[in-house]
Structure formats: C-alpha cells, structure tokens
Amino acid sequence: MIKINELEKKYGRKKVIDKISLEIPKGKITSIIGPNGAGKSTLLGMISRTIERNGGSVLIDEVDVKDWENNELAKHLGILKQSDSVNVRITIEDLVGFGRYPYSEGRLTEEDRKIIDRSIGYMDLESIRLAYLDELSGGQRQRAYIASILAQDTEYILLDEPLNNLDMKYASEFLKILRQLVDDLKKTIVIVIHDINFAACYSDFIVLLKEGKLAKMGTVREIMDARVLEDIYDMPFNVLEVDGKLICAYY
Amino acid sequence: MRLKLSLMGIVSLAAVIFLLSWQVNIEILGYVLSKRSIKVLAILLSAWSIGSATLVFQTITGNRILSPSILGLDSIYILFQLLAVMLIGRFSPLATNPYVNYIVTTILMCLFSSLLYQRVFSKKKSIFSVVLIGVVMGTFFSSITGMLQMIMDPDAYTMALDRLFASFNDVEEDLLLLSSIIVSLVVVQFYRNHHLLDVIALGKNYAVNLGIEYDKEVKKLLVMIFLLISVSTALVGPITFLGFFAVNITKTYLKTHKHRILIWGTVFMATITLLISQILVEHVFGFGLPISILISIFGGTYFIALLLRESAA
C-alpha cells in the first residue's frame, strides 16, 4: 500500500502540493485526474522519489521512500514520466533490457532475457524489437517505454500520462493490458491521465486533485457524478451510463 | 564491433611504433628510445585522460558537444601560469621548477573544482547549473588572463607562453610516472562502472527509477573527471577539442551506446589523433607549429561541421 501523509511541495512560495493525505490500495488501478496545473505529475514524482518533497511522508509498504535502499525500491516501484525521452541511440530491445538493471546491474541472465522477451511480446513490439527508438512513431516509442517498465517487474507501477501519443486503438488496448496486469499479476498501478472517460472505464479508484489539494478520492461511481466534476473543472458535465460504464459528456 | 575496435588499436600501435622508430640512429639507440618513449607515454597519457574524461562528461550531461574544458579548468591553468611568472617572478621555483609547478597547479585545479562542485551540489542544483557556473568562471578567468597579458613584461610573457600550449617534447619523467598511475586507475574505474554509465546516459529520471543513487554517482564521476583533466593539463598543457573530436568520431564510427566499448574506442581515437598530429608536427611542420593548434584546427572544423549538420537536421 502507498500511504501519503500531509505531503507538501513548494516552488518558491507557491504551494504546488498542499498537505495531501491519501492511501492508494494494493492490487488496484488508481487514476489521478484534475485540471492542468493541479499537481498530478508532481504528486506522482514525489511518490517515486524523482521529485524532492518539502514536507510530509510517503510510505510504500510501511517504509518511507527515503528510507528504502534505492536499488531495492527499484524492484518494487517503477515510474514512467511524461517528459522522459532518451537521447541515446538505442534499440527497443536495449531499452527494455535496461528495465532489468535493478536485478542484474547490466549482466543479463537467462531469466532476464525471458522477461525481456515477454515484455516485448506484451506490448506487441516483436516485429520491430531491433529498431532504433528514433526511427519509431510516437505510439511505438511510447509502447517501448512501457515495455521497459514491464521488464522492471515491479509491484507498483506509476505512469505519468502514458496515453500521450497513443491513438484510440492502442490507448484502449494499453489500458486493457494494465487491467490484466492488475487482475492476473496483482500489480498496483497509479496513473496520471487526462481523459476522464478512460479513467472511468478502466480504473478502480479515482483521485481528484484541484490546485494542489485533494478534492475527492473514491470509487469510480463516487467520482463520476456531474456535481462533483462540475465543481472541479468549472464547466457543465453530463454523466451517462453506457453498457454499465459511466461516461461523461462534456462538449 | 570487436573488429572495428581492434582496428583502432592496431592503428594506434602502428603510430606508436612509427614515432618511436622513424629515422632512428642505431648508434645512439638507447638514448633516442628513452627520449622518444617518454614523449609517446605523455601522448598516451593525455589521450587516455582527455578522451575518457570527455566521454564520461558527455554521458553525464547528455550532450554531444560539451567537453570538460567548459568547466573552466584550462583557464585556471593559464591564469595560474601567468600569475606565477608575473607575481612571484620568472626565476622563482614556481616558474622554473617543473615539479613544483606541476604539483601546485594540479592541487590548485582540483581545489578549485571541488569548491565549485561542492557549492553547487550542496544546494542540490542540477548538472546544468554546474556547467553554467563553469562557463561563467572560465570566461571570468580568461578575461583576467587577457588583461594580464596586456600589462605584463614581454620577456616574462614569452616565458609563460611556453607553458600555455601543450607540448610533449619537454615532459618530466617522474611526473609522467605519477600521472600515469593516477590516470590508469581512474580510467579502469570508469571501465568497471560501464553498466552504470550506460544507465546514466539515459537521463536522471531513468537512472533514479532504475535504483541508481544519481546525485552521489554523478558527484563521484565529476571528481574523477576533474582529476583526469587537472593531471593532464598540468603535465602537458591544455588541448581543447581533442576530447570532443575523439568522442564524436568514435560514436559515429562504432555506433553503439555501450560504454564497455565506447571507453576503449575513445581512448584509442584520442591516441590516434594525438599521435598523428605529433607526427605531422615533427615530420611535416618541422616543430614549427604547436600540437594544440593543429588539433584545434581539426577539432574546430569538425565542431562547426557537426553544429551545421545538427541544425540542418
């Protein structure tokens, strides 16, 4: 379980994250949504120790991220950030291979290779595994990055806007894969996402942020309520039920 | 890949043999060889230190056109040489005794760089702040140098000038030995960390995600870079563009991201560049041209070509 307590982040005097406390349950998909500038990526960054915090605590399996052995944490928690782009010329296979670094420190074992193959297969990259990243389309590259996170084989997977660059087909396939990872492999996934309908269809819990504060956290049904959403986004919403899923119309 | 690497090794070896044996007078073979081998050793040493330091520096900064000279170490060296002649006198041991000069300059450069990085790192600034501060400091020191050159006694200036250009023709044997030990230890350390360097090249977020203590490792690597550059600059003088040239040619030629291969490739390439330049200086220009100028011409041209190509792409 990820337990966040009174977490704070300031840039200068501006509070980007203002005393957020929440618990992210194990074995579920939790989506973080909110308007631009709500602090979604910052929150994810602080959970994953890639952004320094100014106060509060983040406990992962009861241990503060600061007290984790770095290498050990890398086997439990993987993060993919929206801004990550690699400017080294490497192939998909190399990139995915790097995901095994916490385990083998670069000397790949038979076991590592199996996991790399599996991750590449999962993201449907088999046919282009030897292509260089700079030769790929945005969507292929995004899938390659995600394959490397899968190869890292962590219990917690944090994804910062992973649907960027994915078209509808790959976006929904990708979320189905996340669903599988959670349902079959008992992973815990936290995802920052813009598309509220994707969040509603595929996640278990939704965290709503606004201006650095926790507006509401709850199950999809609790959050997908026109009144709640109108309050956060300052615009009219219409929530419909289609095939048992809640969909929001906001055009 | 292995083939290309061995090819580079063979070419460097051939150049070494050429420099050692070309037009050798058999009667005084022992004397000539000992003189020449010191020179060759000094060349190898600079190539190793500048080549590997630049490679690692580019890996840390994730930038293909930077080289550690941007941190201002060279300009400190030049400023110090001028000051030594000017303030303490051109007949003082600091100016005339190479041992004293070497030790004091090395210590000074290491001291300055650790001060620089310590101040910067203690405030948790990014590597780019380090680079930026280095650039500003470098410009600052060169401006002072420029001013000193204007006002100093021309005789004294001529004397200092000798040290401002890299030269492999007058290197002290004992210093060479000491420097070789330091340089080979550091380069081997780089090599042992080649997997780590591969990951650091991916950028900070990746490295942290993969469990690397990024700040600590980068700090360690920077200290090693400072050490390499200080040692080689104090021994033979500044050679701008060599590292940049060697690293980029190697990356283009070997087409790999693996530091296990890149380290040796760069070291070989720097060796080849230096050796060939030295051969040109000796046998074509008849010692009329300082080697660092020759390399700046090569490297500078390549630098501009690379910039143009990048901006066109």
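Predicted model: local features only at pLDDT ≥ 70, side-chain atom pairs only at ≥ 80, totals over all residues.

Reader: Where in chain A does A:Asp61 lie?

Author: Phi of A:Asp61 is near 50°, a positive value in a residue other than glycine. As for its place, A:Asp61 sits in the loop between strand E4 (55-60) and strand E5 (63-64).

Reader: And A:Glu211, is that residue buried or exposed?

Author: A:Glu211 belongs to the loop between strand E9 (205-210) and strand E10 (213-219) of chain A. Its phi is positive too, near 45°, and again the residue is not a glycine. The relative accessibility of A:Glu211 is 64%. The cut-off for exposed is over 50%, so A:Glu211 counts as exposed.

Reader: Which residues does A:Thr188 contact, leaving aside its neighbours within four places in sequence?

Author: A:Thr188 lies in strand E8, which covers residues 188-192 of chain A. With a relative accessible area of 0%, A:Thr188 is buried. Its contacts beyond those neighbours are A:Ile24, A:Pro25, A:Lys26, A:Gly27, A:Lys28, A:Glu155, A:Tyr156 and A:Ile157.

Reader: What separates the C-alpha atoms of A:Thr188 and A:Leu158?

Author: Along the chain, A:Thr188 and A:Leu158 are 30 residues apart.

Reader: Stepping back, what radius of gyration does chain A have?

Author: Chain A contains 10 helices and 12 strands, and its C-alpha trace spans about 55 × 45 × 35 Å along the principal axes. For 251 residues, a compact globule would have a radius of gyration near 18 Å. Chain A agrees with that, because its own value is 18 Å.

Reader: What share of the contacts in chain A with a separation of 6 or more joins residues 24 or more positions apart?

Author: Of the 251 residues in chain A, 54% are buried. Among the contacts with a separation of 6 or more, the share from residues 24 or more positions apart is 63%.

Reader: How far apart do the centres of the positive and negative side chains of chain A lie?

Author: Chain A has an accessible surface of about 11,600 Å², and carbon and sulfur atoms account for 46% of that. Its side chains include 35 positive and 41 negative ones. The centres of these two sets lie apart by 3 Å.

Reader: Now for chain B: how many helices and strands does its secondary structure have?

Author: Read from the N terminus on, the elements of chain B run α-α-α-α-α-α-α-α-α-α-α-α-α-α. In numbers, that secondary structure comes to 14 helices and zero strands.

Reader: What is the radius of gyration of chain B?

Author: The C-alpha atoms of chain B fill a box of roughly 60 × 50 × 40 Å along the principal axes. The globule rule gives 20 Å for 313 residues, and chain B is close to that, so it is as compact as a globular protein of that length. Its radius of gyration is 20 Å.

Reader: How far apart are the centres of the charged sets in chain B?

Author: The accessible surface of chain B is about 14,200 Å², with 69% belonging to carbon and sulfur atoms. Chain B carries 22 positive and 15 negative side chains. The two centres are apart by 14 Å.

Reader: Which residues is B:Pro98 in contact with, beyond its neighbours within four places in sequence?

Author: B:Pro98 is found in helix H5, residues 98-122 of chain B. Its relative accessibility is 23%, so B:Pro98 counts as partly exposed. Leaving those neighbours aside, it touches B:Arg163, B:Glu172 and B:Leu175.

Reader: Finally, which residues of chain B lose the most area to chain A?

Author: The contact takes 31 residues from chain A and 18 residues from chain B. About 2,000 Å² is buried between the two chains, and carbon and sulfur atoms give 56% of that area. Three residues together make up 31% of what the chain B side buries, and they are B:Tyr206, B:Asn209 and B:Leu210.

Conventions: Residues numbered from 1 in each chain as written. Chains lettered and ligands numbered in written order. Heavy atoms only, no water. Helix = DSSP H or I, 4+ residues; strand = E, 2+ residues; numbered from the N terminus. Buried < 20%, exposed > 50% of the residue type's maximum accessible area, 1.4 Å probe, protein only. Rg over C-alpha atoms; globule rule 2.2 N^0.38 Å. Contact = heavy atoms within 4.5 Å. Areas by Shrake-Rupley, 256 points an atom, 1.4 Å probe, with all protein chains shown as cover. Lys, Arg positive; Asp, Glu negative; His and termini not counted. Charge placed at Lys NZ, Arg CZ, Asp CG, Glu CD. Buried area = accessible area lost by both parts, 1.4 Å probe.
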